[in-house]
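Here's a quick briefing on one helix and one of its residues. Have the viewer open and follow along.

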Amino acid sequence: MSPLLFLAAALAGGVGAVLRYLADRGVARLAGRRFPWGIFLVNLTGSFALGLVTAALPEQAFVLGAGLLGGYTTFSTAMLDTVALWRDGEGGSAVFNAIGMLASSLLAAGLGLALGSALG
């Protein structure tokens, strides 16, 4: 891979991180901060988009997938949110965040792959 391709992926990753921040803050304003719906939504939509990109646009998968969507989605924040919910006595919400996010993101990625395959 060329240095220009790596630079494009790095820049796309920065854009993805900004989009994650904006999405998380926007959802938090609407839904409140009691449950991390913003990060939940980010990981759900990012999983769908990665499935779609992987199947429909494999040539752009490095920049869009590893770069943009890698910067957009966040496993570490999701797990930190889960631990914080547990620590704050919100055991049910913590379990829902961990298992619900995993299950729904897997489903979203599968749907994205299926749609991408149909389009590609």
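In this predicted model, the buried residues of α4 are Ala-78, Asp-81, Thr-82 and Leu-85. Looking down the helix axis, those buried residues sit within an arc of 100°, so they line one face of α4.

- On the face turned away from the buried side you'll find the exposed residues Ser-76, Leu-80, Val-83 and Arg-87.

**Zooming in on Thr-82**
- Thr-82 belongs to α4, which runs over residues 75–87.
- Its relative accessible area comes out at 11%, and Thr-82 counts as buried because that is under the 20% cut-off.
- The Thr-82 side chain gets to within 2.9 Å of a backbone oxygen, the one on Ala-78.
- Setting aside neighbours within four places in sequence, Thr-82 touches Ala-94, Asn-97 and Ala-98.

**Length check and what comes after**
- α4 has 13 residues, and at 1.5 Å a residue the helix should span 18 Å.
- After α4 comes Gly-89, with a positive phi near 80°.

Note on methods: Residues numbered from 1 in each chain as written. Predicted model: local features only at pLDDT ≥ 70, side-chain atom pairs only at ≥ 80, totals over all residues. Heavy atoms only, no water. Helix = DSSP H or I, 4+ residues; strand = E, 2+ residues; numbered from the N terminus. Buried < 20%, exposed > 50% of the residue type's maximum accessible area, 1.4 Å probe, protein only. Polar contact = N/O pair within 3.5 Å; in protein donor to acceptor, adjacent residues only side chain to side chain. Contact = heavy atoms within 4.5 Å. Expected span 1.5 Å × (residues − 1). Arc of directions from axis to C-beta.
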